[in-house]
Protein chains: 2
Amino acid sequence: MEYKFSDRVQNLKPSAIREIFKYAADPTVVSLSAGNPSPDAFPAKEIAEISQKLLSEDPISVLQYSVTEGYAPLREHIKEYMREYHGSGTDDDDILITTGAQQIMDLSTKALVNEGEVIICEAPSFIGSLNTFRSYNAKLVGVTVEPDGMNTDELEQKLIENPNTKLIYTIPNFQNPSGVTMSLEKRKRVYELAKKYGVMIIEDNPYGDLRYSGESLPNIKSFDEDGIVIYAGSFSKVISPGMRVAYAIAPKPVFQKLVVCKQGNDVHTNIWSQRVCDEFFTKYDFNAHLEKLRKIYTAKAQFCMDLLDKYCAPAITYNKIDGGLFIWCDLPEEIDMPQFCKTAVLNKVCVVPGNAFLTDENDVCHSFRINFSTPTDEQLEKGIKILGKLANG
Amino acid sequence: MEYKFSDRVQNLKPSAIREIFKYAADPTVVSLSAGNPSPDAFPAKEIAEISQKLLSEDPISVLQYSVTEGYAPLREHIKEYMREYHGSGTDDDDILITTGAQQIMDLSTKALVNEGEVIICEAPSFIGSLNTFRSYNAKLVGVTVEPDGMNTDELEQKLIENPNTKLIYTIPNFQNPSGVTMSLEKRKRVYELAKKYGVMIIEDNPYGDLRYSGESLPNIKSFDEDGIVIYAGSFSKVISPGMRVAYAIAPKPVFQKLVVCKQGNDVHTNIWSQRVCDEFFTKYDFNAHLEKLRKIYTAKAQFCMDLLDKYCAPAITYNKIDGGLFIWCDLPEEIDMPQFCKTAVLNKVCVVPGNAFLTDENDVCHSFRINFSTPTDEQLEKGIKILGKLANG
């Protein structure tokens, strides 16, 4: 059989990160390439407690089919929480529970973007989302990420050049992979530009609750009086990614289309895990849990930056971060970055080459991404020492 | 904001069944419209036991990110089981764990079918799959279902008429909604026709283990020496649908594309539930569990058919079933079926109008579908009595 795949997937490759995981699976390799929460960060005891209670008190309701929109009390609790703590969401919005935030990218693209239409992305941006957009044959157009977020003049330029733009995709807080946080001024400007050019925004905010320093900035969704922002939130980084529970806050007409698309995608999200998230989110002290996570990660982020200063200067420079799980490292121009990453793997440390995060992977890139949440302190020190040696000769 | 949705979803409507659920939510209405496993059918005690053990022994592994392909031991166990008990799958195939079998339809369509290309479906067929195909702007072409499965002469005719056909979609066992089981001869013929015309088959088999009478017939996948069959299996009807764990057995080149598409869809299926399914499937007596389910449903199916004979003859006729969860009922031509279903709801019994399952919902149809697994015996008797009264006047 000669397989005839669709045009959408002809050129689709496995995510470079997931491919790198294959090296990372070698236990002698230090992996700085993942994006997993720290093993210390899971409320495992509480989850076991909640699950046992649900399964003994009302097992059928957690094992039976459920509704596509998601568990109604969880949707209500998220609504209240996001309004109270983040000023995000209005009566014109509704909340859809999804199977990870990745599914929000999939459903939004399916519902809004025809093949060949444009999605404007930060360059660099999260590879998982870029690949989802590609899987619908959307055309990706990149906008440079600066230390205070995407270059908004360039954004307007791209909007003018591409009148068939349907979406602007942004991760405003501690962006993956750059670690950059968008300034308030730019958040407002992105919103105004989207409104002016009749384009929707996907605001992807998986790390928003993981701020280690500086002041929280309002979500772009909090400005949304015009129904143009789809907000993507997730429990992956703050409860458990293995459960795959996330949520979209979307204007009602968009929400309705997302629901229809989700029906055809996986009918509904695992209801057992939705129930567990709901109980943990509402019956336990969720804010105290977040405080605990921030404590763990603040220490780990600082430890990692100290190691970079100690072992990697001057050849490797990096952006200091205020939150999130990633640090973006820059190599001098005379070092061939892809070759550097390959050599690093051969020397038993695994990082993600920066070009993997570009809208065009073939563009030249001198950066790589490291993650500090997954490795132990010992692994971090070992890995970063090797990187420093390789870069500084 | 005037929302500009993609061409794919412009005409996509919520599934008629899910809409009917809104009536069914009224506790005074007897719902014969669902497809849920019987509350008696869940191994709730065992699931609680397994889950507690996993969460106490190795919590991080069930809560952390996992791989897109699925939990490796579960894939291996399914491979062995399907080869041993169903002669299905070879070394040229691989197994992907999915978030319900619905996701197999989604990923297969994304990977194989361009917009405007044809998927040949049984008419009637499972509405969830039809809507997934529609959500990729595939063109649906229906082939009449006869008492021994789809009309294979008509299938060949349709293949000739539509050279841009990419997939044949079939549910060979106790088809949803018709209850029909495809004969061995037709299974072979469908396979040969797919091979002859260079088209792939999706064999969807959610009910295969729920046979109540007659001899098991081989899966179409068991003939697959040419790598043309994607087999869709699921734990929804035999363990729990709320967990959303299913599996595709696909030729390796197709498997690889499905994996890439799944990465962009939901990264991986809930790993906690994968682990629970794996333990239940391998460390408990799975065949004894299936035997128990067959006992429950054999009694319920027979009870339902007896009620139809008692209360609904002569106006309502139906196909006797050998398995599955559904019975397809036919009204005489002089009764307007959609009107009958509406009147039934007003009289507090909810069934699914047959045209919902057609490739073109506007085609005339004199049938409706009832489900006997979800309602109690009392509800079944009450509901069927009302249907009989309405039909026989």
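The model is predicted, so local features need pLDDT of at least 70 and side-chain atom pairs count only at pLDDT 80 or more, while totals for chains, interfaces and linings use all residues. Residues are numbered from 1 along each chain as its sequence is written, chains are lettered from A and ligands numbered from 1 in the order in which they are written, and side-chain values use heavy atoms, with hydrogens and water left out.

**The two chains**

- The charged end of K257(A) sits over the ring of F5(B), 5.5 Å from its centre, and the charged end of K257(B) sits over the ring of F5(A), 5.5 Å from its centre; the rule asks for NZ of Lys or CZ of Arg within 6 Å of the ring centre and within 35 degrees of the ring normal.

**Aromatic pairs**

- Over all chains there are 31 aromatic pairs, counted when rings of Phe, Tyr and Trp (its six-membered ring) have centres within 6.5 Å, with planes under 30 degrees apart called stacked, over 60 edge-to-face and the rest tilted.
- Y81(A) and F286(A) form an edge-to-face pair, 5.9 Å centre to centre with 80° between the planes.
- Because Y81(A) lies in helix α5 (residues 72-86) of chain A and F286(A) in helix α12 (residues 286-312) of chain A, the pair ties together parts that are 205 residues apart in sequence; helices (H or I, at least four residues) and strands (E, at least two) are DSSP runs, numbered from the N terminus.
- Y81(A) is buried at a relative accessible area of 11%, and F286(A) is buried at 5%, where buried means under 20% relative accessible area, exposed over 50% and partly exposed in between (1.4 Å probe, protein chains only).
- F286(A) also forms an edge-to-face pair with F281(A), at 4.8 Å centre to centre and 85° between the planes, and F281(A) is buried at 9%.
- Ring pairs link these residues into a cluster whose members include Y85(A), F235(A) and Y247(A).

**Sheet and strands**

- In chain B, eight strands form an open sheet of mixed pairing in the order β2-β9-β8-β7-β6-β3-β4-β5, where two strands pair if DSSP finds at least two bridges between them.
- The edge strands of this sheet are β2 (93-98) and β5 (149-150) of chain B, each pairing on one side only.
- Strands β8 (residues 229-234) and β9 (residues 246-251) of chain B run antiparallel and are joined by four bridges, and S234(B) has A246(B) as its bridge partner in β9(B).
- In chain A, strand β6 (residues 165-170) pairs with β7(A) in the parallel sense over four bridges, and the bridge partner of T170(A) is E203(A).

**Buried positions in chain A**

- Five of the five residues of strand β7 (residues 200-204) of chain A are buried, with M200(A), I202(A) and D204(A) on one side and I201(A) and E203(A) on the other.
- P251(A), in strand β9 of chain A, is buried at a relative accessible area of 2%, and its contacts beyond four places in sequence include M200(A), V229(A) and Y3(B).

How values were computed:
Contact means heavy atoms within 4.5 Å.
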